[in-house]
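Dear colleague,

The coordinates come first, and my notes on what was found follow them.

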Amino acid sequence: MGQPVGRESGEGHDSAGVTQPGLPPGQRVQRGWPVTHYGPVPKFRPERWEFRVFGATADGGKHCWTHEEFTALPYTTVVADLHCVTKFSMLGAEWGGIPARTILGLAPPADDVTHVMVWAEYGYSSNVRLSDFASEHTLFATHKDGELLTAEHGFPLRLIVPHLYAWKGPKWVRGVEYMTADRRGFWEERGYHNIGDPWQEQRYSYQEEPGDGPDL
């Protein structure tokens, strides 16, 4: 068997400051899963919950699923690390849910789509390149290690993009907007790197190279 998704060559540090192989630069191994988010934890109301795909869809329309319909889509698992920009890494978690590729298949984007904006509760957003969103490891997670996500960790739905910093995968996801040009999301407008590759340590917008993102 190969290494879990997101485990690559490199060095980081554990909680005692000891060098660890297989971590992005500047990261440390976290025991447990800290709760980190901006704003309050939303109350889940299943009768009102809807997942939407809109924007530059191939057919020009909007696609919607109720909670019951969405959670009935084919379920899969991915073993993947989670790297937080605050410098902790949680290694080898098993995430369960619906692959982003399933959504792309059911609601295809137009040919000229280059990015998606992932929308969550309270208007939170995160922009992701279509190539990152379409990765075989990108997952709309409902479970971690075989158990339903807790509300604090994103129940009923959070996006997992293992090869990017964790802020790129919002909690409490409600929909995806297909875009034909890049546009910064919530944290990207507030000084975080537009791409967010932990192996390149792309934490902040001042580190961006020409072409990494739209002007602030």
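Among the contacts in the protein with a separation of 6 or more, 63% are accounted for by residues 24 or more positions apart; please bear in mind throughout that this is a predicted model. The protein has three helices and 13 strands, and 50% of its 216 residues count as buried.

His115 counts as buried because its relative accessibility is 14%, under the cut-off of 20%. Leaving aside residues up to four places away in sequence, His115 touches Val128, Arg129 and Leu130, as well as Glu177, Tyr178, Met179, Ala181 and Asp182. Of these, Ala181 lies 66 residues from His115 in sequence, yet the two are 6.5 Å apart in space, C-alpha to C-alpha. The side chain of His115 also makes a polar contact, at 2.8 Å, with the side chain of Thr114.

I also looked at the second largest pocket, which holds about 170 Å³ of space. Its lining includes Pro42, Lys43, Phe44, Arg45, Arg48 and Trp49, together with Glu121, Tyr122, Phe155, Pro156, Trp172 and Arg174. By class, seven of the residues lining the second largest pocket are nonpolar and five are charged, while none is polar.

How values were computed:
Residues are numbered from 1 along each chain as its sequence is written. This is a predicted model: local features need pLDDT of at least 70, side-chain atom pairs count only at pLDDT 80 or more; totals for chains, interfaces and linings use all residues. Side-chain values use heavy atoms; hydrogens and water are left out. On a 1 Å grid over the protein atoms alone, a cavity is a set of points where a 1.4 Å probe fits but cannot get out, and a pocket is an open set with protein on both sides within 12 Å along at least five of seven lines; lining residues have an atom within 4 Å of a point. Grid points are joined across faces, edges and corners, and a volume is the space filled by probe spheres set on the points. Ala, Val, Leu, Ile, Met, Phe, Trp, Tyr, Cys and Pro count as nonpolar, Asp, Glu, Lys and Arg as charged, and the others, Gly among them, as polar. Buried means under 20% relative accessible area, exposed over 50%, partly exposed in between (1.4 Å probe, protein chains only). Contact means heavy atoms within 4.5 Å. A polar contact is a pair of N or O atoms within 3.5 Å; within protein, one must be able to donate a hydrogen and the other to accept it, and residues adjacent in sequence count only if both atoms are side-chain atoms. Helices (H or I, at least four residues) and strands (E, at least two) are DSSP runs, numbered from the N terminus.
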